[in-house]
Amino acid sequence: MSAKPVEPENPEHPRPIASEGVAPELQWLDDGVPRATAFDDTYFSRAGGLEETRHVFLGGNGLPERFSGRSHFAIAEFGFGTGLNFLTTLNAVRTELAPPHLSFLSFELYPFSKEQLERALAAFPQLSAEASELVGQWAPTPGWNVLRFKAATLILAVGDARQLIGEAHRQEGLSDGIDAWFLDGFSPAKNPQLWELDLLQSAFELTNETGTLATYTSAGWVRRNLQAAGFTVQKQKGFAGKREMVVGWRNPVGTV
Ligand SMILES: C[S@@+](CC[C@H](N)C(=O)[O-])C[C@H]1O[C@@H](n2cnc3c(N)ncnc32)[C@H](O)[C@@H]1O
């Protein structure tokens with residue numbers, strides 16, 4: 001087997017100085033987009049967070065079309081952040097005529113405070129119903145948290161994804177594996193921890209036979225780590241000004 005590509009920790013962006021499980025320090029940009037001081041990066045695209053989620057994570061995983069005919073669908077995400085991806089997906093599931101029950105697993109090292117969450121989500125009036133359901137029960141504690149919604153269960157793992165992922169297969173609704181991955185760490189140069197080969201290998205092992213992935217980044221070393229983990233990957237047109245994003249499959253297209 002050839003040498004496995006792994007990006008070393010970037011010395012300009014060492015592990016952020018914040019305590020695990022504690023709310024992040026945020027800067028609010030003029031357009032209302034939150035930026036994490038420790039990672040020097042924004043939580044979603046300034047060109048439109050909701051449209052970015054729909055283009056990259058839903059569209060990149062063939063959603064909402066793949067919800068059709070399913071009674072259950074499992075999605076996993078690295079980086080819960082503002083919850084925008086979760087709420088956009090919940091909104092999409094609920095518009096199905098016969099919605100599957102969604103199990104949404106998300107990992108978050110620095111969960112927002114309730115006030116931060118409310119402020120970030122106020123920018124998305126289209127999601128106000130789902131957002132208030134989330135904010136109403138938001139009280140994350142370190143480790144495994146289960147939040148229940150009509151048509152969905154959110155399994156929120158508070159802590160370092162690299163430490164918690166080994167317990168994911170034992171969580172409610174995840175025993176049949178993950179149908180779709182939303183790889184949404186901060187930019188790989190600033191948050192290399194969420195793009196490491198070991199973590200992506202664990203993600204691959206959790207993925208079921210027809211499982212897919214999507215990510216906004218097309219960084220070469222991330223693609224190589226995804227391939228080394230076992231995924232087949234392909235570049236696609238990115239969101240807004242971005243030329244490329246990446247989608248992937250556990251099994252090459254047409255083999256399952
Ligand atoms: C780009 S943001 C995610 C945005 C989010 N998906 C949304 O819908 O708002 C990346 C997130 O990854 C989290 N993160 C960074 N390193 C992590 C780690 N090692 N384990 C778990 N979460 C991590 C950050 O705190 C941040 O919330």
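Helices (H or I, at least four residues) and strands (E, at least two) are DSSP runs, numbered from the N terminus. Residues are numbered from 1 along each chain as its sequence is written. This is a predicted model, in which local features need pLDDT of at least 70 and side-chain atom pairs count only at pLDDT 80 or more, while totals for chains, interfaces and linings use all residues.

Is Ala168 buried or exposed? Ala168 has 20 C-beta neighbours inside 10 Å, so it counts as buried. The term has cut-offs: a residue is buried if 20 or more other C-beta atoms lie within 10 Å of its own, exposed if 12 or fewer, and partly exposed in between, with C-beta atoms placed from the backbone. Leaving out residues up to four places away in sequence, Ala168 touches Leu105, Leu174 and Leu206. Two residues are in contact if their C-beta atoms, placed from the backbone, lie within 7 Å.

I turn now to the protein as a whole. Its secondary structure comes to seven helices and 11 strands. The radius of gyration is 17 Å, close to the 18 Å that the globule rule gives for 256 residues, so the protein is as compact as a globular protein of that length. This radius is taken over C-alpha atoms, and the rule is 2.2 Å times the number of residues to the power 0.38. Buried residues make up 41% of the 256 residues. Of the contacts between residues at least 6 apart in sequence, 71% join residues at least 24 apart.

Next comes the interior. In soluble globular proteins, nonpolar side chains tend to be buried together. Here the largest nonpolar core has 64 residues, of which Ile75, Phe104 and Trp181 touch the most other members. Such a core is a set of buried Ala, Val, Leu, Ile, Met, Phe, Trp, Tyr and Cys residues joined through C-beta atoms within 7 Å. Beyond four places in sequence, Ile75 is in contact with Thr89, Leu102, Phe104, Asp179, Ala180 and Phe182.

Which residues are closest to the ligand? Among the 24 residues that surround the ligand, the closest are Gly79, Gly81, Thr82, Leu84 and Ala161. To be counted as near, a residue must have its C-beta atom, placed from the backbone, within 6 Å of the molecule. Helix H2 (84-94), strand S5 (101-108) and helix H5 (161-164) each give two or more residues to this shell. Gly81 is found in the loop between strand S4 (72-78) and H2. With 25 C-beta neighbours inside 10 Å, Gly81 counts as buried. As for H2, eight of its 11 residues are buried, so this helix is largely enclosed by the rest of the structure.

Some backbone details also deserve mention. A cis peptide bond joins Leu63 and Pro64, with omega about 10 degrees. Ala240 has a positive phi of about 50 degrees although it is not a glycine, and Ala240 is exposed, with 11 other C-beta atoms within 10 Å.

The mean pLDDT, the predictor's confidence in each residue from 0 to 100, is 92, and 91% of the residues reach 70 or more. It stays under 50 over residues 1-9, and pLDDT also stays under 50 over residues 11-17. Where pLDDT is low, the predicted coordinates should not be read in detail.
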